[in-house]
Amino acid sequence: MSTTTVAALTIQDAEFLVTEAGRAAEAAGVTVSVTVLDAGGHLLAFRRDDRAVLISGETSTRKAYTALQLNTPTADLVDAVQPGGLFHTLPTALDRPLLFIAGGVPVRRDGRLIGAIGVGGGAPDQDHGFASAAVAALA
């Protein structure tokens, strides 16, 4: 039996993602917090600008956690938590609440999930764009 090994998300990768998301946000004139988690949900890198809204750090972490757990960008999950949606009761059913707001993006290498990035502090669509730009730059 043959197995394929995929390189894990490194601290250097995580710091690169934080830098790229921060750079994209700064270019847009937005102050954000950025969280990067590995595939096991462990914090690899974090940035909170002192000018950002205080809760943006928790928001970025929960967005990353949600994208990681569901292996889907959080922007694609917003409708799923509306009444009658697929995940309507899920956000309150877990010990660590999920956050279904755009800005969390899975990080994949060779098609496999290796982590997630979450960005908080801007408008949800902006946060999603900053996170997606960082992931694209890592590829």
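Modeller: Two strands are called paired here if DSSP finds at least two bridges between them. The model is predicted. On that basis, four strands form an open sheet in the order β2-β1-β4-β3, and their pairing is antiparallel. The edges are β2, residues 43-48, and β3, residues 104-109, each of which pairs on one side only. Direction ignored, neighbouring strands of the sheet are turned against each other by 15 degrees on average.

Strand β1, residues 33-38, pairs with β2 in the antiparallel sense over five bridges. Within this pairing Val36 stands opposite Ala45 of β2.

Arg108 stands opposite Leu113, which is in β4. The two strands form a hairpin with two residues between them. In that turn, Asp110 has a positive phi of about 55 degrees. As background, the side chains of a regular strand alternate between the two faces of the sheet.

Now the helices. Helix α1, residues 11-27, lies across β1, β2, β3 and β4, with β4 covering residues 112-120. Its direction is at about 25 degrees to β2. Helix α1 also packs with helix α3, residues 124-138. A pair of packed helices is described by the angle between their axes and the distance between the axes. For α1 and α3 the angle is about 135 degrees and the axes are 8 Å apart. An angle over 145 would count as roughly antiparallel, and 65 to 115 as roughly perpendicular; α1 and α3 are therefore oblique to each other. Their crossing is right-handed.

From α1, the contact is made by Asp13, Phe16, Leu17, Glu20, Ala21, Ala24 and Ala25. From α3, the residues are Phe130, Ala134, Val135, Ala137 and Leu138. By type, ten of the residues in this contact are nonpolar, none is polar and two are charged.

As for confidence, α1 has the highest mean pLDDT among the elements of the chain, at 97. Helix α2, residues 56-70, has the lowest, at 89. Over the whole chain the mean is 86, and 85% of the residues reach 70 or more.

Conventions. Residues are numbered from 1 along each chain as its sequence is written. This is a predicted model: local features need pLDDT of at least 70, side-chain atom pairs count only at pLDDT 80 or more; totals for chains, interfaces and linings use all residues. Side-chain values use heavy atoms; hydrogens and water are left out. Axes are lines fitted to C-alpha atoms, for helices over the stretch in contact, and angles run from 0 to 180 degrees between N-to-C directions. Contact means heavy atoms within 4.5 Å. Angles under 35 degrees count as roughly parallel, over 145 as roughly antiparallel, 65 to 115 as roughly perpendicular and the rest as oblique. A crossing is left-handed if the near helix is turned anticlockwise from the far one by less than a right angle, and right-handed if clockwise. Ala, Val, Leu, Ile, Met, Phe, Trp, Tyr, Cys and Pro count as nonpolar, Asp, Glu, Lys and Arg as charged, and the others, Gly among them, as polar. pLDDT is the predictor's confidence in each residue, from 0 to 100.
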